[in-house]
Amino acid sequence: MTEALFHKTSSDCSRVVTLNYSTSFSSAIRLLHADLRGPIFNIYGFVRLADEIVDTFHGHDKQELLTRFRAETRDAIRRGISLNPILNAFQKTVNEYGVDQELIEAFFRSMESDLTEQSYDRQGYEEYIYGSAEVVGLMCLYVFCEGDRVQYERLCAPARALGAAFQKVNFLRDIQADFNSLSRMYFPGCNFHNFTATDKAQIEADIEADFRAAYAGILGLPLKARFGVYVAYKYYYSLFRKIKETAPAHILQKRIRIPNYHKAYIVFRALVKNRLRLIG
């Protein structure tokens with residue numbers, strides 16, 4: 001037996017976590033080049049565990065769990081090994097691709113704010129979006145660029161915009177669950193009990209700008225990453241369009257979804273465009 005088997009098993013665990021928690025992201029990751037799939041699964045598995053601590057483990061001391069998870073993450077990266085398979089897979093990706101550890105610290109700061117904050121002003125909202133979503137896009141970008149720092153710096157802004165767009169769409173989609181289950185309202189200046197068409201339109205304009213900024217970056221991604229990221233973009237943009245067509249009152253009552261047949265159609269159209277070289 002070799003250590004490589006443990007690393008493979010750890011990465012398999014991260015893949016299973018991703019498959020179980022997000023069919024959309026799993027499908028998009030499978031469309032990346034084979035070289036990139038494992039590292040991106042490893043990043044998602046790590047992020048998912050932290051999300052579960054702050055959003056799901058209500059019968060436990062969340063602060064203690066998150067503090068311990070943060071310390072174990074630092075230790076795993078420093079040692080280059082962890083007996084927690086999800087952390088082991090993540091540290092391997094961080095160390096292999098030279099991911100800036102400040103991105104990881106920013107992520108934990110946002111996760112910690114979920115334990116104490118129930119609403120945000122504009123500055124707090126932007127800081128939360130950066131730490132909870134934009135840095136995840138940047139971690140993935142380290143993988144996509146495979147050590148090309150010039151390319152990474154050129155694509156930083158679009159990667160942040162795409163992460164922000166995904167997160168803000170999630171907030172709109174989950175606005176009812178976040179408020180009723182977790183007493184959270186992420187959008188600054190908004191009131192769940194008086195969520196108006198004007199509020200919704202302003203949020204949508206902000207998300208639309210993020211999507212526009214992100215698209216240019218997708219076209220500049222390395223070929224190994226471009227198609228998978230494009231499909232993830234199309235998934236979320238389709239969800240966003242459906243939310244835009246939904247009245248504010250309905251957003252507060254039900255979670256908007258994209259049916260599986262529509263997801264399959266998105267992939268089909270993307271494949272056709274890719275074959276015709278209409279992407280990039």
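Trainee: Which pattern does the protein follow, read along the sequence?

Mentor: Keep in mind that this is a predicted model. Its secondary structure comes to 13 helices and zero strands. Read along the sequence, that gives α-α-α-α-α-α-α-α-α-α-α-α-α.

Trainee: What radius of gyration does the protein have, and what would a compact globule have?

Mentor: Start with the C-alpha trace, which spans about 60 × 55 × 35 Å along its principal axes. For 280 residues, the compact-globule value would be near 19 Å, so the protein agrees with it, at 19 Å.

Trainee: How much of the contact set with a separation of 6 or more comes from residues 24 or more positions apart?

Mentor: Contact here means heavy atoms within 4.5 Å. Among contacts with a separation of 6 or more, the share from residues 24 or more positions apart is 70%.

Trainee: Which residues is Phe 46 in contact with, leaving aside its neighbours within four places in sequence?

Mentor: Phe 46 is one of the core residues that touch the most other members. Once those sequence neighbours are left aside, its contacts are Phe 69, Thr 73, Ile 86, Leu 87, Phe 90, Ile 104, Phe 107 and Phe 108.

Terms used
Residues are numbered from 1 along each chain as its sequence is written. This is a predicted model: local features need pLDDT of at least 70, side-chain atom pairs count only at pLDDT 80 or more; totals for chains, interfaces and linings use all residues. Side-chain values use heavy atoms; hydrogens and water are left out. Helices (H or I, at least four residues) and strands (E, at least two) are DSSP runs, numbered from the N terminus. The radius of gyration is taken over C-alpha atoms; the globule rule is 2.2 Å times the number of residues to the power 0.38. A nonpolar core is a set of buried Ala, Val, Leu, Ile, Met, Phe, Trp, Tyr and Cys residues joined through side-chain atoms within 4.5 Å. Buried means under 20% relative accessible area, exposed over 50%, partly exposed in between (1.4 Å probe, protein chains only).
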